[in-house]
Amino acid sequence: MIDILVIGSGGAGLTAALSAKDVGASVLVVGKAYPTNSQTSMAQGGMNAALGNAGEDSIEAHIEDTLKSAHELCDEERIKRMCSSAPSAIKWLESIGVPFSRLDNEKSGIDTIAQRQMGGASAKRACYAQDYTGLKILHTLYDTCLKHKVDFLDEHYLLSLVVENGICKGATFLDIRTGEVKQINAKSVIIATGGYAGFYHNYTTNMTGATGDGIAAVLRAGGAVSDMEFVQFHPTALKSSSILISESARGEGGYLVNTEGERFIDELKPRDVVARAIYEQFQKGQEVFLDIRHLGEEKLMELLPQEVELCKLHENVDPAKELIPIKPVAHYSMGGIDVNSILEVEGIQGCFAVGECSNAKVHGANRLGGNSLLEITTFGKFAGEHAHRYATTSNVTQADDTQLQQDKQYIENLYKQNAPLNFYGQREKLGKLLYENAGMVRNNKDLNYALDEITAMQQNISHMGIEDKSMTNNTNLIDFLEFTNTILLSSTIVSAAIARDESRGAHYKEEFPKQNDEKFKNHIVFQWKKENA
Amino acid sequence: MTLNILRSEINSHQTYTLEEKETTLLHALSHIKTTHDATLTFTEGCRASVCGTCAVRVNGKEELACAYKVQDGDTVEPLNYHPVLRDLKVDKNKAKETLVKSSAWLHDFQEATLTHKDEKFTETQTDCILCNSCYSACPVYAVMPDFLGPFALTRAYRYSVDKREENVKGILDNVQTNGVWDCTLCGECTLACPKGIDPKMDIMMLRSKSLQSGHSDPTLAQENFGEPSFGF
């Protein structure tokens, strides 16, 4: 039996695998695609660390900014741990060869790493690699995994965690290529499967596969998920394609203007504030544009080459000469798997969660730009260490095949199930429903409407299913399995949003526009109780 | 507007008719799958040219489906030299082994003084998204399946010129066999790369670094002992 099964091969999973391998554990990383395909590749702006390379900064200021943005819904100790570990995480990334952007300051090591301004930050704190920070960190992590002979199993889709008497002993997967359902036994499991902003289908910067698979698996296995109502909307996605234009475009001096050409908000306020200001403009019938023309073509190509290319391709706009039409869309999920201070899942022993899928309570009600790459690299390391400690000190016995048989049966039944209702149409419908009723600005009437619709969809799921009956390489089946997770977790987002009669960070409710600490300074947690377990 | 897609189950092209409007190929593929034919199989990810998942060949040329605008009558096929799993979905595992064989990572770290100019030196090479377009475009694979190939060699080059690398020789030693000398310098990889990377140039640079570190061009050695060749 392997020591540690890492599920998910993005930045968090790879960091966890490397750290576990480093302390001597046997590790297997399993993912539904290939390692470098993950969402981490899309992180553009940077990774926060108070290095003070581009002006004065301190770890205290980083902690302070993060706490402020979290709106009291966080764990101060963990934020301190994350922010104070940031410089050493950068040092580690430097040592494996991440090609950071540099300053000409005649210093050496990490003291030459360039840092830029991001929203909600009191200093130029985000270390970056042009506007490809996530991509370059992810690929360097992958190269390092190959160097250290980390074992990978690609194209395996997570079905269930294998849990016996509250102890996690592995997981079951669908081998996408062969269609076989498999069980992988392990002494401990690290879930690093990413977030759920992809539920806002067509209204999200996320990839289609950001469907909260690990979060749904935890919920089904009896673990806890929390703060699901907190979904961050990124202010600047391209209007027609929802493709992200990095916050660094504003950090570098970009303006937001309306149809009249007027600026209406301090562009460097936190994302929730800027997104709502844009929403208000929409309500007034205004369109909103990002204006980076004044930065000049040369500077744009130097600092934001990717954005320039994406604007031309997807919006037919040359940002050096024209305004970029934008809209805010779902970008990041703060909520997720509820974990304790060693990142162990509440309710499931021996199972750890890290990255966007986990709710480590370091982002609270609103994540700061540049703090997610920081979370995956700092907490990824802790997750690997804690999982290893658990694997070596507990006597985990191998699980039987109850879960495996159950999952085999489930997949077999799906092949037999008739599908008069096309779930792809339902996926579109759900994305729009969530964006319109559980978006940047919410109210209980719309939220209740959304919940009714989701409940109806849930009841209708027996009329949906797969049209493609191929046993091998069936992406129709994977899409459907992802959609079942989407429906399951969407109801938790909306239910929690209904319960939270206040406004805090990314959750804004029209009829309760103020933060109400007396009643709501707490986490809304979902956990299934097993009857007669 | 019509789109011809190579379907593996019938081993021939299937024609789909689409509404006349500007659309990316990925969007068109998604539209077909979600509304017409759920069996059409392809891979997708970020929609923004950065996850490397959706590369295919359009009219014989490698393209990222998310960054290609569909033209009437386009023919869409899977990448070359990759085992086809189904339709446009290919197995990339063998191609990825080239990264291991060429040991394309930082071998021994040393602290260095890196400047803005140093950053620029490997900026383009590190834009690689591992979409495997260059591997598909490389004609060497037709005769030499174990060739290390463009993306692995570009990556090896990128680490070999990193000032933080103390053991450059360690990298160069691993790109000699089936490596830098087996490239024909045809430049197809450079044309295929969606990120503007020039693997041909990187391979030429690796050759000169190899010579400097004591390696020799094995094709020249062969020529000395055999028939003169004016190949390439």
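1. Two strands count as paired if DSSP finds at least two bridges between them. In this predicted model, strand β13 (residues 288-291) of chain A meets that cut-off with strand β14 (residues 324-333) of chain A: 2 bridges join them. The two run antiparallel. Within the pair, Leu290(A) sits opposite Ile324(A) of β14(A).

2. Now a helix. α4 of chain A covers residues 133-147, 15 residues in total. From first C-alpha to last it reaches 21 Å, close to the 21 Å expected at 1.5 Å a residue. α4(A) is mostly covered, with 13 of its 15 residues buried. Lys149(A) follows the helix, and its phi is positive, near 55 degrees.

3. Check the backbone at Asn473(A). Most residues other than glycine have a negative phi. Asn473(A) is not a glycine, yet its phi is positive, about 45 degrees. Asn473(A) lies in the chain A loop between α13 (444-459) and α14 (475-499). Asn473(A) is buried because 23 other C-beta atoms lie within 10 Å, and the cut-off is 20 or more.

4. Chain B has a case to check too: Asn132(B), with a positive phi of about 70 degrees. Asn132(B) is in the loop between α3 (116-121) and α4 (133-137) of chain B. Asn132(B) counts as buried, with 25 C-beta neighbours inside 10 Å.

Key:
Residues numbered from 1 in each chain as written. Chains lettered and ligands numbered in written order. Predicted model: local features only at pLDDT ≥ 70, side-chain atom pairs only at ≥ 80, totals over all residues. Helix = DSSP H or I, 4+ residues; strand = E, 2+ residues; numbered from the N terminus. Expected span 1.5 Å × (residues − 1). Buried ≥ 20, exposed ≤ 12 C-beta atoms within 10 Å, placed from the backbone.
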